[in-house]
Amino acid sequence: MEFSKYHGLGNDFVLVDNRHQVEPVISPEMAVQWCDRHFGIGADGVIFALPGQGGTDYTMRIYNSDGSEPEMCGNGIRCMAKFLETLETADGKAPQAPHTYRIHTLAGLISPTLQPDGQVTVDMGPPYLLAREIPTTLAAAEDKVVAVPLTVAGQTWDVTCVSMGNPHCITFVEDVAAIALESIGPQFEHHEVFPQRINTEFIQVVRPDYLKMRVWERGAGVTLACGTGACASLVAGVLNGVCDRAATVELPGGPLYIEWSAADNRVYMTGPAELAFRGTRA
């Protein structure tokens with residue numbers, strides 16, 4: 001089976017041309033094998049480009065490296081946009097930038113745009129802020145979760161929760177480099193107040209227009225970047241009054257530019273996606 005390996009700031013994915021059928025061509029169990037960095041291809045997840053539905057151009061499905069299926073992935077959808085550009089070019093239908101795809105995901109419609117400079121801008125839609133939308137039991141169902149204390153690993157953290165179609169818990173720290181992510185991350189992910197588990201972002205505010213971020217991703221663990229996490233973190237920063245509505249978010253793999261538009265309440269993410277290699281897998 002042919003595949004392509006892409007990454008968005010080091011958050012890496014195996015992409016599969018799945019346009020011939022509506023269900024992924026491999027199982028979650030096989031995806032775990034593919035993602036293994038010693039005995040497989042090595043990746044944070046496997047992404048499938050499926051036929052569109054409901055008037056969209058394509059459908060995106062993704063299996064994490066642990067076999068779970070998230071609603072969406074911000075770095076992953078940038079990679080998928082570049083993958084679709086390659087597929088369509090091979091079909092003799094090369095898109096001319098700027099070109100926008102309408103992609104159906106489990107989080108709803110997401111629209112990435114190929115930019116002339118090679119970057120990809122993604123309309124991530126509006127953030128969801130109510131406790132029931134995350135979901136979390138940290139507050140009443142119709143309330144926002146902003147700077148709410150949560151005890152994890154014997155320490156009390158002030159957390160803000162945001163959903164970008166998938167759940168995020170954000171906490172602001174003095175030094176992101178000092179966080180023991182490998183030990184603290186799983187305790188956030190599996191905390192009882194998050195019934196569907198949680199992605200956790202640790203944010204250092206360097207300036208109102210510049211944030212540093214480290215992330216523990218639900219189902220993947222420590223990754224070099226998380227697009228939806230960067231979006232959620234900027235929203236959390238605005239809600240806490242510590243950052244601008246547009247800022248650069250620096251991740252271990254590199255920067256993303258995030259804007260939470262006051263005009264339409266939508267979050268826009270701009271960043272790279274690059275081909276690493278192509279191959280075949282038995």
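C226 lies in the loop between β14 (221–222) and α4 (227–239), where helices (H or I, at least four residues) and strands (E, at least two) are DSSP runs numbered from the N terminus. The model is predicted: local features need pLDDT of at least 70, side-chain atom pairs count only at pLDDT 80 or more, and totals for chains, interfaces and linings use all residues. Residues are numbered from 1 along each chain as its sequence is written, and side-chain values use heavy atoms, with hydrogens and water left out.

An unreviewed UniProt entry annotates C73 and C226 as "active site"; such annotations may be inferred rather than shown by experiment. The two are spread over 154 residues of sequence, yet the largest C-alpha distance is 7.6 Å. C73 is placed in the loop between β4 (58–64) and α2 (74–90).

Leaving aside neighbours within four places in sequence, C226 is in contact (heavy atoms within 4.5 Å) with N11, N75, H168, E201, M213, V215, E217 and L251. With residues up to four places away not counted, C73 touches N11, F13, M60, I62 and T228.

| Residue | Relative accessibility | Class |
|---|---|---|
| C73 | 8% | buried |
| C226 | 3% | buried |
| C161 | 1% | buried |

Zero disulfides (pairs of cysteine sulfur atoms within 2.5 Å) are found in the whole structure. For C161, the nearest cysteine sulfur is that of C169, 4.6 Å away. For C226, the nearest cysteine sulfur belongs to C73, at 6.4 Å.

Key. Buried means under 20% relative accessible area, exposed over 50%, partly exposed in between (1.4 Å probe, protein chains only).
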